[in-house]
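Grab a pencil and have the viewer open.

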Amino acid sequence: AGPPARTAPAARQQVPGASAEPPASHSRAPFRFDYERFRRSLRHPVRGARPAEDPETRARRMKIREMMKFAWDNYKQFALGKNELRPLTRNGHIGNMFGGLRGATVIDALDTLYIMELEEEFQEAKQWVEKSFDLNVNGEASLFEVNIRYIGGLLATYYLTGEEVFKSKALELGEKLLPAFNTPTGIPRGLPFLSPCSGMSWSWGWASAGSSILAEFGTLHLEFLHLSQLSGNPPSLVSLCLSQVMNIRRVLNRVEKPQGLYPNFLSPVTGSWVQHHVSIGGLGDSFYEYLLKSWLMSDKKDSEAKKMYDDALEAIEKHLVKKSAGGLTYIAEWRGGILDHKMGHLACFSGGMIALGAEHGAQDTRQRHMELAAEITSTCHESYTRSDTRLGPEAFRFDAGSEAMATRLGERYYILRPEVVESYMYLWRLTHQPKYRHWGWEVVQALEKHCRVEAGFSGIRDVYSSPPTHDNMQQSFFLAETLKYLYLLFCEDDVLSLEDWVFNTEAHPLPINHTDLQAAAAAQP
């Protein structure tokens with residue numbers, strides 16, 4: 001029958017300040033995003049109004065700010081331009097995820113530096129982007145990682161500051177990702193090859209046997225919607241690509257889902273599931289997050305995304321949510337109908353996601369979902385408190401008499417991950433229960449004691465061993481996510497208010513469209 005035909009995109013959601021109508025003729029004035037109008041549409045100052053607060057909360061926030069400055073200063077001194085800092089050996093790490101792109105820590109750190117009012121350090125990072133950030137590179141890149149870290153970071157910093165360099169770099173990089181969608185189904189392949197001439201090319205021998213990962217092809221919508229709107233009229237390559245991102249939903253709605261669940265691997269050639277492994281942690285996680293956040297970012301107009309999220313959460317509740325003998329609620333993994341009673345650290349974001357969905361959800365499910373979110377977050381907290389370092393393992397299990405602990409050697413490490421403190425931040429903002437700030441401060445103390453070294457912060461190889469062995473890597477997401485969420489946990493709610501912003505899965509804030517600026521613009525002469 002051949003591959004399914006690609007269909008036109010659904011009606012585009014609007015980004016504040018953007019016009020979606022195509023030009024009536026070539027004589028129409030060039031598109032220009034009205035940044036000042038966008039900023040006026042925000043309900044809260046980006047950095048908040050800074051009302052009076054208790055001295056302890058301010059002191060704790062300032063401590064987290066000092067940690068960010070320490071992490072940045074050491075990266076700048078020993079690894080500027082590389083992707084990450086190796087703090088023990090005091091040099092840089094490049095890696096192979098980004099297809100020759102450099103400066104991942106710079107891009108990931110920009111919005112955190114700005115929000116924390118580390119002005120000098122922000123200018124250092126901006127200068128590197130202006131003078132040294134080279135997009136003419138060669139190499140196989142992760143579409144997912146380049147999108148969430150580089151494009152997400154550049155877009156967020158543009159919306160926060162209005163500095164054109166961040167917008168132009170985001171649009172230029174976005175165009176380089178477009179050939180990833182050139183597949184029979186339109187489902188993108190996960191490892192495009194960046195090149196300075198054509199943007200991307202393919203090693204088709206590898207790709208023909210490859211699968212696309214749910215969390216990767218399902219974690220594009222927020223960024224590509226904003227790229228499309230900022231690129232303007234006439235439709236650019238990036239805006240045409242948004243139709244491919246919207247097409248992903250149609251493929252997923254068409255394919256049969258076992259028990260209503262979404263397996264982690266899909267063939268970009270046939271549009272069929274490759275196997276039936278379901279996980280709310282790695283491989284699946286941010287797909288569900290982006291369904292909810294697409295709805296929120298559209299000012300709750302993207303009903304398709306909301307229905308997909310609600311249906312998926314219902315299936316997860318029915319088939320994957322379990323309670324241990326000791327009373328801990330967790331989300332198991334599913335392998336062809338057989339449950340694997342483990343949770344990854346990555347799955348601990350789900351407490352925050354479910355709480356955010358409950359806050360905006362139907363009245364009849366709100367209390368149940370908020371309780372579920374609190375229970376999952378409490379379980380993830382237990383995975384921290386049951387370790388010698390008070391930091392959580394990469395994965396923890398509920399079997400063989402063990403609860404919320406890693407039982408396998410390969411799952412005992414902690415690489416400065418943010419998901420647990422991410423959920424603390426959301427639960428604090430939505431409930432204001434003091435325990436979430438208390439738990440967050442426990443993490444700050446553990447990071448300082450076990451992960452801070454002379455020249456930065458390092459992950460550790462075994463959370464059950466104290467003093468720990470360090471892994472010599474300061475991950476870029478530590479600056480983008482872990483420290484940002486901890487900082488926001490001790491801020492007032494109007495700092496990056498959840499009424500104005502949604503966070504991409506790398507904690508880069510993107511604006512909600514809660515004002516119809518297009519109508520206001522049309523009314524002007």
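Cys348 is buried, since its relative accessible area is 1% (buried means under 20% relative accessible area, exposed over 50%, partly exposed in between, with a 1.4 Å probe and protein chains only). Keep in mind that this is a predicted model, where local features need pLDDT of at least 70, side-chain atom pairs count only at pLDDT 80 or more, and totals for chains, interfaces and linings use all residues. Residues are numbered from 1 along each chain as its sequence is written, and side-chain values use heavy atoms, with hydrogens and water left out.

## Exercise 1: the disulfide

Task: Find out which residue a disulfide joins to Cys348, and work out which parts of the chain the pair ties together.

Solution: 
- Step 1. A disulfide is a covalent bond between the sulfur atoms of two cysteines; here it is counted for a pair of cysteine sulfur atoms within 2.5 Å.
- Step 2. The structure holds 1 disulfide. Its partners are Cys348 and Cys380, with 2.1 Å from S to S.
- Step 3. Now place the two ends. Cys348 is in the loop between strand S13 (342-344) and helix H13 (350-359), while Cys380 belongs to helix H14, so the link ties together parts 32 residues apart in sequence. (Helices, H or I with at least four residues, and strands, E with at least two, are DSSP runs numbered from the N terminus.)

## Exercise 2: two annotated residues

Task: Look up Asp285 and Glu394: where do they lie, and is each one buried or exposed?

Solution: 
- Step 1. Start with the record. An unreviewed UniProt entry has the annotation "active site" on Glu145, Asp285, Glu394 and Glu419. UniProt positions are given in the numbering used here, feature names are shortened, and annotations may be inferred rather than shown by experiment.
- Step 2. Asp285 is part of helix H11 (residues 285-297). Its relative accessibility is 12%, so Asp285 counts as buried.
- Step 3. Leave out neighbours within four places in sequence, and Asp285 is in contact (heavy atoms within 4.5 Å) with Ala215, Ser279, Ile280, Leu346 and Phe349.
- Step 4. Glu394 sits in the loop between helix H14 (363-385) and strand S14 (395-399). With a relative accessible area of 13%, Glu394 is buried.
- Step 5. Not counting residues up to four places away in sequence, Glu394 touches Gly344, His345, Glu411, Tyr413, Ile415 and Arg417.

## Exercise 3: rings

Task: Describe how the rings of Phe33 and Phe38 are arranged, then do it again for Phe70 and Phe457.

Solution: 
- Step 1. Rings of Phe, Tyr and Trp (its six-membered ring) pair if their centres lie within 6.5 Å; planes under 30 degrees apart are stacked, over 60 edge-to-face and the rest tilted. The count comes to 28 aromatic pairs.
- Step 2. For Phe33 and Phe38, the centres are 6.0 Å apart and the planes are at 50 degrees, so the pair is tilted.
- Step 3. Phe70 and Phe457 are 5.8 Å centre to centre with 90 degrees between the planes, making an edge-to-face pair.
- Step 4. Phe70 lies in helix H2 (residues 55-79) and Phe457 in strand S17 (residues 456-457), so this pair ties together parts 387 residues apart in sequence.
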